[in-house]
Amino acid sequence: MLKETITVNHLKLRNRIVMPPMATGKADHGAPDDSLISYYAARADATALIIVEHAYISPEGMAHEKQLSMADDSVIPAYTKLTAAVRERGAAIFAQLNHAGARSKGSGLPAISPSGIPVRDDTAEAVPMTLDDIAHVTECFVAAALRAKAAGFDGVEIHSAHGYLLNQFYSPLTNHRTDAYNGQTLDGRTRLHREILQAVRAAVGKDYPIAIRFGACDYMEGGSLKEDIPEVSRLFAEAGADLLDISGGLCGFVLNGISQPGWFSELSRPAKENVQIPVLLTGGISTADEAEQLLQDGAADLIGVGRAMLQNPDWSVQAIG
Ligand SMILES: Cc1cc2nc3c(=O)[nH]c(=O)nc-3n(C[C@H](O)[C@H](O)[C@H](O)COP(=O)(O)O)c2cc1C
């Protein structure tokens with residue numbers, strides 16, 4: 001199955017292998033330079049889709065220094081070179097759009113988050129967001145998506161995993177709001193995601209692929225639960241998502257003590273069973289046989305290979321054979 005084509009919205013992917021987003025911390029003033037472009041192009045042969053490392057949508061949402069930016073138009077020419085270099089090798093390329101919320105660092109601006117609650121031990125308290133702040137975040141996601149489209153990206157991915165802003169809204173541990181974006185109901189916890197998906201969809205048009213990286217379970221007491229995945233997956237698909245990219249929530253992208261390939265498959269399965277759109281699974285998959293097995297077992301429609309592809313740029317070429 002690994003070699004089979006698949007369609008995301010109207011975009012045909014040549015197989016099921018995805019390079020997931022992995023921050024390199026090598027962006028030059030927010031834009032990819034020639035060496036970063038070569039790094040991505042080198043991993044494009046025989047890969048179906050490259051999701052480029054997270055880019056901040058506005059300066060106060062920056063996660064770290066030397067992160068890529070999609071926050072203003074100055075970056076568009078550099079991304080245009082990047083997308084051309086990857087597409088020339090037959091891979092599709094998505095931009096991952098992110099706001100770090102309480103995990104924001106590096107811009108010198110105060111961090112904002114749903115309720116001001118720190119995430120993990122790497123963040124200080126942030127300023128609780130007003131309704132104006134929330135509306136502004138949606139506008140920034142839309143503007144960033146339009147820049148990505150203008151730069152030749154085949155689609156965009158909204159980042160809602162690994163403890164960043166949208167994950168902070170989804171998690172009851174970090175969302176203590178009591179308004180329409182409240183942390184007590186699925187409606188409140190997913191409201192901002194749905195507003196962003198709908199607003200981005202309205203701006204980019206119905207044929208442009210939109211993915212969401214869904215941190216589907218926090219694996220923490222009082223955090224988000226896998227029981228909610230069917231309902232939330234349906235809500236995201238209804239709001240305009242074309243691809244569900246499953247990962248962990250506040251726990252991050254690894255699961256302590258668990259090393260079996262595809263460790264989030266218990267999260268991707270309930271997503272896949274409840275939506276018609278493709279589901280991507282990433283985490284601990286390092287061989288073509290492991291990827292094939294997970295596809296055969298119905299755990300997902302697409303497989304992300306992160307660190308193995310980081311180490312071996314020819315991973316996809318060797319896997320496809
Ligand atoms: C160095 C590094 C940087 C990462 N940066 C991002 C990122 O920018 N956005 C994201 O959603 N995930 C990020 N991740 C998570 C990966 O996309 C992936 O989920 C994780 O590496 C697990 O997959 P793997 O076992 O195949 O490496 C990063 C992972 C690593 C190792």
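1. The shell around the ligand divides into 8 nonpolar, 10 polar and 3 charged residues. Here Ala, Val, Leu, Ile, Met, Phe, Trp, Tyr, Cys and Pro count as nonpolar, Asp, Glu, Lys and Arg as charged, and the others, Gly among them, as polar. In total 21 residues surround the ligand, and the closest are Pro20, Pro21, His54, Gly306 and Arg307. A residue is near a molecule if its C-beta atom, placed from the backbone, lies within 6 Å of it.

2. The model is predicted: local features need pLDDT of at least 70 and side-chain atom pairs count only at pLDDT 80 or more, while totals for chains, interfaces and linings use all residues. Residues are numbered from 1 along each chain as its sequence is written.

3. Strands (E, at least two residues) and helices (H or I, at least four) are DSSP runs numbered from the N terminus.

4. E4 pairs in the parallel sense with E6 (residues 92-98) over 7 bridges, and Val52 stands opposite Ala95 in E6. Pairing requires that DSSP finds at least two bridges between the strands. Strand E3 (residues 17-19) is also parallel to E4, over 2 bridges, with Met19 opposite Ile50. The pairing of E4 with E5 (residues 68-69) is parallel over 2 bridges as well; there Ala55 stands opposite Leu68.

5. Phe94 lies in strand E6 and counts as buried because it has 25 C-beta neighbours inside 10 Å.

6. Two residues other than glycine deserve a backbone check. Asn9, in the loop between E1 (6-8) and E2 (11-13), has a positive phi near 55 degrees; with 19 other C-beta atoms within 10 Å, Asn9 is partly exposed. Lys66, in the loop between E4 and E5, has a positive phi of about 60 degrees and is partly exposed, with 14 C-beta neighbours inside 10 Å.

7. The axes of helices H6 (residues 191-204) and H7 (residues 229-239) come within 8 Å and cross at roughly 25 degrees. Axes are lines fitted to C-alpha atoms, for helices over the stretch in contact, and angles run from 0 to 180 degrees between N-to-C directions. H6 and H7 are therefore roughly parallel to each other, a term for angles under 35 degrees.

How values were computed:
Angles under 35 degrees count as roughly parallel, over 145 as roughly antiparallel, 65 to 115 as roughly perpendicular and the rest as oblique. A residue is buried if 20 or more other C-beta atoms lie within 10 Å of its own, exposed if 12 or fewer, and partly exposed in between; C-beta atoms are placed from the backbone.
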